[in-house]
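Here is a walk through one chain, from its overall make-up to a single side chain. Keep the sequence and the 3D view side by side as you read.

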Amino acid sequence: MGGVSTVGDRVDRADRGDRVPKQDRSRATRQRLLEAAVACLAEHGWAGSTVSVVAERAGVSRGAAQHHFPTREDLFTAAVEYVAEERSTALRALFPQGASGDRHAVVSALVDLYTGPLFRAALHLWVAASNEEQLRPRVTELEARVGRETHRIAVDLLGADESRPGVRETVQGLLDMARGLGLANLLTDDTARRDRVVAQWAALLEETLG
């Protein structure tokens with residue numbers, strides 16, 4: 001009869017009600033683990049970033065961490081990929097209507113991608129991958145994917161026409177330069193010199209891209 005719920009209906013609704021919060025908790029736990037893994041990797045490097053250390057920082061048990069990420073390699077490659085995607089989203093959000101011709105702002109934003117905790121964490125992962133056979137193919141594939149996405153974002157924001165000779169290489173040179181500035185910033189605060197280099201690269205891009 002209409003409007004009358006059976007016991008089975010009520011149990012089914014209760015089960016669905018139980019499942020949704022569990023799914024939400026699972027997603028929240030996964031995100032905490034990813035963020036904690038990146039922070040640990042940036043602060044302590046590969047050797048000091050164990051699953052137990054990350055789990056403690058995230059406020060979850062080691063068992064819960066391994067439920068989401070069975071191996072240490074799974075955890076850290078997923079963590080760097082997660083934050084890379086977040087940073088790409090944030091970069092696009094800085095220019096929701098496009099860069100409007102402000103190439104200096106675009107160059108500065110791209111350089112910022114390589115001077116934060118993500119880059120520091122990724123660097124530790126690269127060093128570890130050079131010595132860890134299990135980790136190397138994962139990090140190589142991840143770096144290639146993140147690199148392609150960053151290149152696409154740069155081309156879009158700069159309004160670069162890659163059908164013109166030399167334009168693709170110019171954009172790639174910009175990203176290589178940004179990575180180099182990020183490396184320099186690991187040891188000392190390189191802000192003053194970085195600002196001058198950014199201004200010069202923006203001027204060169206205006207001349208090259210037109």
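What covers the buried residues of H9? Helix H5 (103-112), H7 and helix H8 (167-184) are among the elements that do. Before the details, a word on the source. This is a predicted model, in which local features need pLDDT of at least 70 and side-chain atom pairs count only at pLDDT 80 or more, while totals for chains, interfaces and linings use all residues. Residues are numbered from 1 along each chain as its sequence is written, and side-chain values use heavy atoms, with hydrogens and water left out.

Start with the whole chain. It has nine helices and zero strands. Both are DSSP runs, numbered from the N terminus: helices are H or I with at least four residues, strands are E with at least two. Of the 210 residues, 38% are buried. Buried means under 20% relative accessible area, exposed over 50%, and partly exposed in between (1.4 Å probe, protein chains only). Residues 24 or more positions apart supply 67% of the contacts with a separation of 6 or more; a contact means heavy atoms within 4.5 Å.

The largest nonpolar core holds 33 residues. Such a core is a set of buried Ala, Val, Leu, Ile, Met, Phe, Trp, Tyr and Cys residues joined through side-chain atoms within 4.5 Å. Helices H1 (7-44), H2 (51-58), H4 (72-94), H6 (117-131) and H7 (136-158) each give two or more residues to this core. Val 54 is one of the residues with the most contacts inside it. Leaving aside residues up to four places away in sequence, Val 54 touches Leu 33, Ala 36, Ala 37, Cys 40, Leu 75 and Phe 76. Another core, of 28 residues, lies apart from the largest one. Val 111, Ala 160, Ala 178 and Leu 205 are among its members.

Leu 205 leads back to H9. There, Arg 194, Val 198, Trp 201, Ala 202, Leu 205 and Leu 209 are buried. They lie on the same side of H9, because they cover an arc of only 110° around the axis; the arc is that of the directions from the helix axis to the C-beta atoms. The face turned away from that buried side carries exposed Ala 192, Arg 196 and Glu 207. After H9 comes Gly 210, with a positive phi near 80°.

Finish at His 151, in helix H7. Its relative accessibility is 6%, so His 151 counts as buried. The His 151 side chain makes a polar contact with the side chain of Glu 162 (2.8 Å). A polar contact is a pair of N or O atoms within 3.5 Å; within protein, one must be able to donate a hydrogen and the other to accept it, and residues adjacent in sequence count only if both atoms are side-chain atoms.
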